[in-house]
Amino acid sequence: MTTLDQLKQAASICTKCGLHERRTNVVFGEGDPNSPLVLVGEGPGDQEDKTGRPFVGRSGQLLDRALADNGLSRSDIYICNTVKCRAADWSTGKPQNRPPTPQETATCRDWLIPQLAEIKPWVILAIGAPSAKNLIKKDFKITKERGLYFPCEFAKTAIATLHPSYILRQQNISGDGGYSLLVTDIKRAWETALELRKKHESL
Ligand code: URA
């Protein structure tokens with residue numbers, strides 16, 4: 001068993017924060033752990049909670065399309081989330097997804113940081129503001145700073161992009177809601193990851 005498998009197994013019984021009480025599955029992450037590029041989203045939604053797999057609902061389908069528009073599939077990259085359990089408001093009886101709290105995010109770094117340390121990606125693509133705030137800088141401004149390279153403790157560089165669920169909310173007849181930006185940011189992140197790896201291999 002690899003260290004990443006061991007981490008996944010340990011995370012599957014995590015009770016470090018309140019999110020464990022309502023979860024069906026811990027969504028640890030999946031893909032190629034040897035990929036030069038890791039995508040880090042916000043956290044699982046309903047479908048992800050049910051299946052234990054990241055980005056399988058509506059936003060996941062949009063992300064798959066943006067990957068495919070770059071000639072990529074999930075097996076080329078590794079995908080995980082800022083928090084590994086679904087964050088939702090249950091007060092009305094019908095669960096409504098919500099962003100993870102700063103405390104939940106901080107607690108789940110106990111899994112995310114060792115996970116990234118194990119994979120050692122060349123580039124991290126933070127999907128959405130909460131991920132960028134967690135991995136790049138606290139005051140990250142997603143609309144102004146997406147698509148730019150930032151120093152990152154857990155990779156050679158990190159880039160952030162718009163979250164597919166934000167794009168889905170923005171889309172209308174006259175606009176793509178930022179979908180083309182998602183495609184461009186994935187392209188930049190992937191090309192940079194390949195370049196950095198190649199440079200290192202030729203040393
Ligand atoms: N949104 C995310 O940020 N992550 C998922 O896994 C699904 C939806």
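This is a guided tour of a predicted model, moving from its sheet to its ligand and then to a few single residues.

Before selecting anything, note that residues are numbered from 1 along each chain as its sequence is written. Because the model is predicted, local features need pLDDT of at least 70 and side-chain atom pairs count only at pLDDT 80 or more, whereas totals for chains, interfaces and linings use all residues; side-chain values use heavy atoms, with hydrogens and water left out.

**The sheet**

Begin by colouring the strands, which are DSSP runs of E of at least two residues, just as helices are runs of H or I of at least four residues, both numbered from the N terminus. Five strands form an open sheet with mixed pairing, in the order β1-β3-β2-β6-β7, where two strands pair if DSSP finds at least two bridges between them. At the edges lie β1 and β7 (157–161), each of which pairs on one side only. Strands of a sheet pair through backbone hydrogen bonds, in either a parallel or an antiparallel sense.

Then select β1, residues 30–31, which pairs with β3 in the antiparallel sense over two bridges, and look for Glu30, which stands opposite Ile79.

**The ligand**

Which residues surround the ligand? They are Gly41, Glu42, Gly43, Glu48, Pro54, Phe55, Asn81 and His163.

The space taken by the ligand is the largest pocket. On a 1 Å grid over the protein atoms alone, a pocket is an open set of points with protein on both sides within 12 Å along at least five of seven lines, and a molecule sits in a pocket if more than half of its atoms lie within 2 Å of the grid points.

A backbone N or O atom of Gly43 lies 3.1 Å from a nitrogen atom of the ligand. An oxygen atom of the ligand is 2.8 Å from a polar backbone atom of Phe55, and an oxygen atom of the ligand is 2.8 Å from an N or O atom in the side chain of His163. Taken alone, the ligand exposes 240 Å², of which the protein buries 93%, with accessible areas taken from the Shrake-Rupley method with a 1.4 Å probe.

**Two loop residues**

Return to Phe55, which is found in the loop between α2 (46–51) and α3 (58–68). Phi of Phe55 is near 50 degrees, a positive value in a residue other than glycine, and Phe55 is buried, with a relative accessible area of 6%.

Then select Lys120, in the loop between α4 (102–119) and β6. Lys120 has a positive phi of about 50 degrees although it is not a glycine. Is Lys120 buried or exposed? At 59% relative accessibility, Lys120 counts as exposed.

Move to Ala132 in helix α5, residues 129–135, where Ala132 is buried at a relative accessible area of 0%. Ala132 and Ile142 are 10 residues apart in sequence and 7.7 Å apart in space, C-alpha to C-alpha.

Finish at Thr143 in helix α6, residues 142–145, which counts as exposed at 60% relative accessibility. Thr143 and Leu162 are 19 residues apart in sequence, with 7.8 Å in space from C-alpha to C-alpha.

Methods
A residue is near a molecule or strand if one of its heavy atoms lies within 4 Å of it. A polar contact is a pair of N or O atoms within 3.5 Å; within protein, one must be able to donate a hydrogen and the other to accept it, and residues adjacent in sequence count only if both atoms are side-chain atoms. On a 1 Å grid over the protein atoms alone, a cavity is a set of points where a 1.4 Å probe fits but cannot get out, and a pocket is an open set with protein on both sides within 12 Å along at least five of seven lines; lining residues have an atom within 4 Å of a point. Buried means under 20% relative accessible area, exposed over 50%, partly exposed in between (1.4 Å probe, protein chains only).
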